[in-house]
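Welcome, and please have a look at the model below.

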Amino acid sequence: IAVVGYTGGDLSLIDLSTGRILLTERIHQDDIRSISTLSQGSSPPLIISTSFDSSVAIWRANSSYNKLDNVAILSGGHSDKVLDVSTIPGLEQQFLTSGADGKVILWKPPRI
């Protein structure tokens, strides 16, 4: 399964074996800039997306990859576009974002 973000804030899950789009949902209010995943053992990974709307969204797909459940919308950390997200090997459940505001933030969301 591939995760793809688009201008306008949509995110799609694509089955790479068939090329079929399984799901497309509006996640952000502006362009999606970066996507990463956090492994969760045998369950589908968490999907983290950043956007020009200055937010970070965390989602979990169901096992059929036809529905996304919102885990958290993180806002207030960046005051401008969020440009990138990166997971950190060895630091489970944590990730970094960088923004056009010059900040790099280590996120430790409590609900993941």
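This is a predicted model: local features need pLDDT of at least 70, side-chain atom pairs count only at pLDDT 80 or more; totals for chains, interfaces and linings use all residues.

Strand 8 and strand 9 run antiparallel and are joined by 5 bridges. Strands here are DSSP runs of E with at least two residues, while helices are runs of H or I with at least four residues, and both are numbered from the N terminus. Two strands count as paired if DSSP finds at least two bridges between them.

Residues are numbered from 1 along each chain as its sequence is written, and side-chain values use heavy atoms, with hydrogens and water left out.

Now let us stay with Val82 for a moment. Val82 belongs to strand 8. Is Val82 buried or exposed? Val82 counts as buried because its relative accessibility is 0%; buried means under 20% relative accessible area, exposed means over 50%, and partly exposed lies in between, using a 1.4 Å probe and protein chains only. Between the C-alpha atoms of Val82 and Ile48 there are 12 Å, although the two residues are 34 residues apart along the chain.

The sheet around this pair is open and has 3 strands in the order 8-9-10, with antiparallel pairing. Its edge strands are strand 8 (82-87) and strand 10 (104-107), each of which pairs on one side only. On average, neighbouring strands of this sheet are turned by 20° against each other, direction ignored. For such angles, the axes are lines fitted to C-alpha atoms (for helices over the stretch in contact), and the angles run from 0 to 180 degrees between N-to-C directions.

Strand 9 covers residues 95-99, and Leu96 is found there. Leu96 has a relative accessible area of 31%, so it is partly exposed. On the surface, Leu96, Val104 and Leu106 form a nonpolar patch, with about 250 Å² of accessible area together. Patches are made of residues with over 30% relative accessible area and no salt bridge, joining like charges within 9 Å and nonpolar side chains (Val, Leu, Ile, Met, Phe, Trp, Tyr) within 5 Å. A salt bridge, in turn, is a side-chain nitrogen of Lys or Arg within 4 Å of a carboxyl oxygen of Asp or Glu. The areas come from the Shrake-Rupley method with a 1.4 Å probe, and for residues only the protein chains shown count as cover.

Next, please turn to the start of the chain. There, 3 strands form an open sheet in the order 1-2-3, and their pairing is antiparallel. Strand 1 (2-5) and strand 3 (20-26) are at the edges with a single partner strand each, so one side of each has no neighbour in the sheet. Neighbouring strands of this sheet are turned by 20° against each other on average, direction ignored.

Strand 1 and strand 2 pair over 4 bridges in the antiparallel sense, and Val3 stands opposite Leu13 in strand 2. The hairpin of these two strands has 4 residues between the strands, and Gly8 takes a positive phi near 90° there. Strand 2 (residues 10-15) also pairs with strand 3, again antiparallel, over 6 bridges. Looking across to strand 3, Ser12 has Thr24 as its bridge partner, and Asp10 has Arg26. The hairpin of strand 2 and strand 3 has 4 residues between them, with Gly19 in the turn at a positive phi of about 80°. How many of the 6 residues of strand 2 are buried? The count is 5, and strand 2 is mostly covered.

Two loop residues also deserve a look. Ser54, in the loop between strand 5 (43-51) and strand 6 (56-61), has a positive phi of about 75° although it is not a glycine. Tyr65, in the loop between strand 6 and strand 7 (68-74), has a positive phi of about 60° and is not a glycine either.

Finally, step back to the whole chain. It has 0 helices and 10 strands, and 39% of its 112 residues count as buried. The C-alpha atoms fill a box of roughly 40 × 30 × 20 Å along the principal axes.
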